Structure formats: C-alpha cells, structure tokens
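Thanks, everyone. One structure today, and a quick tour. Let me put it up.

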Amino acid sequence: MQLSVLKAGTEAEIDAAFASLVQLHVGGLVVDADGFISSRREQIVALAERHAVPAVYPHPPFVAVGGLISYGIDDVAVRHQVGIYAGRILKGAKPADLPVQQPTTFQLVINLKTAKALGLTVPPSILARADEVIE
C-alpha cells in the first residue's frame with residue numbers, strides 16, 4: 001500500500017490535490033482539517049463526491065454536508081474541559097501547575113446516503129458503534 005500526502009493552502013490547491021488523487025488511483029482519503037480546510041468543507045466534500053473517493057473527516061460538520069464518515073475528538077467535551085481550566089486559572093491556579101489533559105471522548109458519525117452513493121456497505125458492527133448515523 002502506498003501513502004500519498006497532499007497539502008493544500010488555497011482553493012486552487014484543493015482542486016489540484018483532488019486531480020492528483022484521481023491520477024494516483026487512490027482508494028480513499030483521510031482529511032486532516034485545520035482552520036482553512038474546515039472552512040472549505042463544502043468544497044472538499046463536493047470534490048470527494050465528484051471523484052467518488054471515500055473520505056474520512058475529523059469533524060461531524062463534514063458529514064453533515066455529505067461527507068462519508070468522521071471520527072475525532074468530541075469538541076463539546078474539549079470545550080467543557082477548557083472552561084474548567086479557565087475557571088481554575090481565574091480562581092488563582094497557575095497554568096504551569098495544571099496537569100496536561102488529553103481528549104477521552106471521541107465521536108463516530110456516518111452518512112449512509114453517501115455510503116450508498118459510493119456503493120459501500122457499512123457493516124452493522126460499525127453502525128452499532130456510531131454516535132450518529134445520517135440516513
């Protein structure tokens with residue numbers, strides 16, 4: 001199996017990256033979203049659909065606009081923990097004295113409409129683990 005890493009920092013680079021995916025005959029795509037990529041989620045999901053590339057995204061909003069699947073940290077739980085830490089700091093705790101935290105809650109969201117359009121069958125065991133299934 002060959003892994004190709006494609007980077008994009010502009011809309012044109014996103015289009016070029018998807019053209020490369022077609023030339024490389026990839027079987028799937030893992031999207032690692034930063035602020036720019038997240039802001040272009042509709043473009044990315046539309047290109048994945050147009051090129052019939054199954055893609056895994058880091059956040060549920062990609063799936064809400066037609067992406068296949070997302071698996072990543074639960075943003076609500078992370079923001080809750082940030083609020084707790086902010087409260088501790090406002091009460092006088094020194095940030096350097098607070099332990100480093102890592103996310104412990106993850107979300108799996110699956111879009112069955114997209115799976116069907118790609119000709120994919122999602123196993124029942126995966127559907128049972130999903131936090132949300134879009135039909």
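Start with one residue. H25 counts as exposed, at 70% relative accessibility. The cut-offs: buried is under 20% relative accessible area, exposed is over 50%, and partly exposed is in between, with a 1.4 Å probe and protein chains only. H25 sits in the loop between α1 and β1 (29-30). Its phi is near 55 degrees, a positive value in a residue other than glycine.

Now the ground rules. This is a predicted model, where local features need pLDDT of at least 70, side-chain atom pairs count only at pLDDT 80 or more, and totals for chains, interfaces and linings use all residues. Residues are numbered from 1 along each chain as its sequence is written, and side-chain values use heavy atoms, with hydrogens and water left out.

A52 is not a glycine either, and has a positive phi of about 55 degrees. A52 lies in the loop between α3 and β2.

Overall layout. The protein has seven helices and five strands. Both are DSSP runs numbered from the N terminus: helices are H or I with at least four residues, strands are E with at least two. Along the sequence the pattern reads α-β-α-α-β-α-β-α-β-α-α-β.

Of the 135 residues, 27% count as buried.

Contacts, meaning heavy atoms within 4.5 Å. Take those with a separation of 6 or more: residues 24 or more positions apart account for 55% of them.

On to the interior. In soluble globular proteins, nonpolar side chains tend to be buried together. A nonpolar core here is a set of buried Ala, Val, Leu, Ile, Met, Phe, Trp, Tyr and Cys residues joined through side-chain atoms within 4.5 Å. The largest one has 14 residues, and I14, F18, L29, V31, I37, I44 and Y57 touch the most other members. At least two residues each come from α1 (11-24), α3 (41-50) and β2 (55-57). The largest share, four residues, comes from α3. Apart from this core lies another, of seven residues, including L108, I110, V122 and A130.

Is I44 buried or exposed? Buried, at 4% relative accessibility. I44 has its place in helix α3. Leave aside neighbours within four places in sequence, and I44 is in contact with I14, F18, V31, I37 and Y57. I44 and F18 are 26 residues apart along the chain, and their C-alpha atoms are separated by 8.6 Å.

With the same exclusion, V31 is in contact with I37, I44, V56, Y57 and P58.

S38 lies in helix α2 (residues 35-39). S38 counts as buried because its relative accessible area is 17%. Beyond four places in sequence, S38 is in contact with A33, H59 and F62.

Last, charge. There are 11 positive and 13 negative side chains, and the centres of the two sets lie 5 Å apart. Lys and Arg count as positive, Asp and Glu as negative; His and the chain ends are not counted. Each charge is placed at NZ of Lys, CZ of Arg, CG of Asp or CD of Glu.
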